[in-house]
Amino acid sequence: MTRQDFIYKWLIYTLALLPIWWLEAFVLNRFPVFGVFPMLLPLAGVAVATLEGTLAGAGFGLAVGVLCDVVYFGTNGTMTLMLCLLCCGCGAAAQYALNQGFWGCLLCSAATLTLIDTGRILRRLFTGAAALPALLQVAVPEILWSLCFVVLIYPYFRWIRSKIVTLLRL
């Protein structure tokens, strides 16, 4: 792959991320289910990591993490590092242990969302912001509601990848 092909590939993935961000930030946040909103940006990072592998997953996870830190309240830069590491792990798991299909993406998405919410719960428990049952009443529905969107996000990025492969003849 030439340098120009590489730039085109990641530009297309970046542009493909914009509708996901728009859906999360401007549409779904107006319709809470069980009082929670889905997190779609981490799912997008995991989907690309599942399709592209370890190193590409880490790079895209880093970029999505920066966007998450901008969009999500109170992350204080943690999503940048966390999504970089989690997407790297998801890319490696999908590439070497699982498969790079839908079920691998769903499993990696569930693990990623669980680890993100576990970190958020631990931080709030440590600061005394809320009790564990109250935090779990938010985290569990948020994870489950977010996982419903893997059915849309994974095929969308798989379709984007097929268009990239066709366009660049990789």
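With a relative accessibility of 9%, E142 counts as buried; here buried means under 20% relative accessible area, exposed over 50%, and partly exposed in between, with a 1.4 Å probe and protein chains only. The structure is a predicted model in which local features need pLDDT of at least 70 and side-chain atom pairs count only at pLDDT 80 or more, whereas totals for chains, interfaces and linings use all residues. Residues are numbered from 1 along each chain as its sequence is written, and side-chain values use heavy atoms, with hydrogens and water left out.

**Salt bridges**

- The structure contains four salt bridges, each defined as a side-chain nitrogen of Lys or Arg within 4 Å of a carboxyl oxygen of Asp or Glu.
- E142 takes part in one of them, with R120 as its partner and an N to O distance of 3.2 Å. E142 belongs to helix α6 and R120 to helix α5, so this pair ties together parts that are 22 residues apart in sequence. Helices (H or I, at least four residues) and strands (E, at least two) are DSSP runs, numbered from the N terminus.
- In contrast to the buried E142, R120 is partly exposed at 27% relative accessibility.
- K9 pairs with E52, their closest N and O atoms lying 2.8 Å apart.
- The relative accessibility of E52 is 17%, so E52 counts as buried, while R161, with a relative accessible area of 31%, is partly exposed.
- Together, K9, E52 and R161 are linked in a network of salt bridges.

**Nonpolar core**

- The largest nonpolar core has 40 residues, and those with the most contacts inside it are Y13, I153 and F157. Such a core is a set of buried Ala, Val, Leu, Ile, Met, Phe, Trp, Tyr and Cys residues joined through side-chain atoms within 4.5 Å.
- Two or more residues of this core come from each of α1 (3-27), α2 (41-52), α3 (54-71), α4 (78-97), α5 (102-127), α6 (132-147) and α7 (150-168). The largest share, eight residues, is supplied by α2.
- Leaving aside residues up to four places away in sequence, F157 touches Y13, A16, L17, I20, A44, A47, V48 and L51; contact means heavy atoms within 4.5 Å.

**Aromatic pairs**

- A search of the whole structure finds 10 aromatic pairs. Rings of Phe, Tyr and Trp (its six-membered ring) pair if their centres lie within 6.5 Å; planes under 30 degrees apart count as stacked, over 60 as edge-to-face and the rest as tilted.
- The ring centres of Y13 and F157 are 6.4 Å apart and their planes stand at 35 degrees, so this pair is tilted. The pair links distant parts of the chain, with Y13 in helix α1 and F157 in helix α7, 144 residues apart. Both Y13 and F157 are buried.
- The rings of F102 and W103 form an edge-to-face pair, because their centres are 5.1 Å apart and their planes meet at 75 degrees. F102 is partly exposed, with a relative accessible area of 25%, whereas W103 counts as exposed at 63% relative accessibility.
- One aromatic cluster is formed by F6, W10, Y13, F60, Y156 and F157.

**Nonpolar surface patch**

- L122, L125, L132, L136, V140 and L144 form a nonpolar patch on the surface, with about 510 Å² of accessible area together. Patches are made of residues with over 30% relative accessible area and no salt bridge, where like charges are joined within 9 Å and nonpolar side chains (Val, Leu, Ile, Met, Phe, Trp, Tyr) within 5 Å. Accessible areas come from the Shrake-Rupley method with a 1.4 Å probe; for residues, only the protein chains shown count as cover.
- At least two residues of the patch are supplied by each of α5 and α6, and the largest share, four residues, comes from α6.
- L132 lies in helix α6 and is partly exposed, at 38% relative accessibility.

**Backbone**

- Most residues other than glycine have a negative phi. F34 has a phi near 55 degrees, a positive value in a residue other than glycine.
- F34 is placed in the loop between α1 and α2 and is exposed, with a relative accessible area of 74%.
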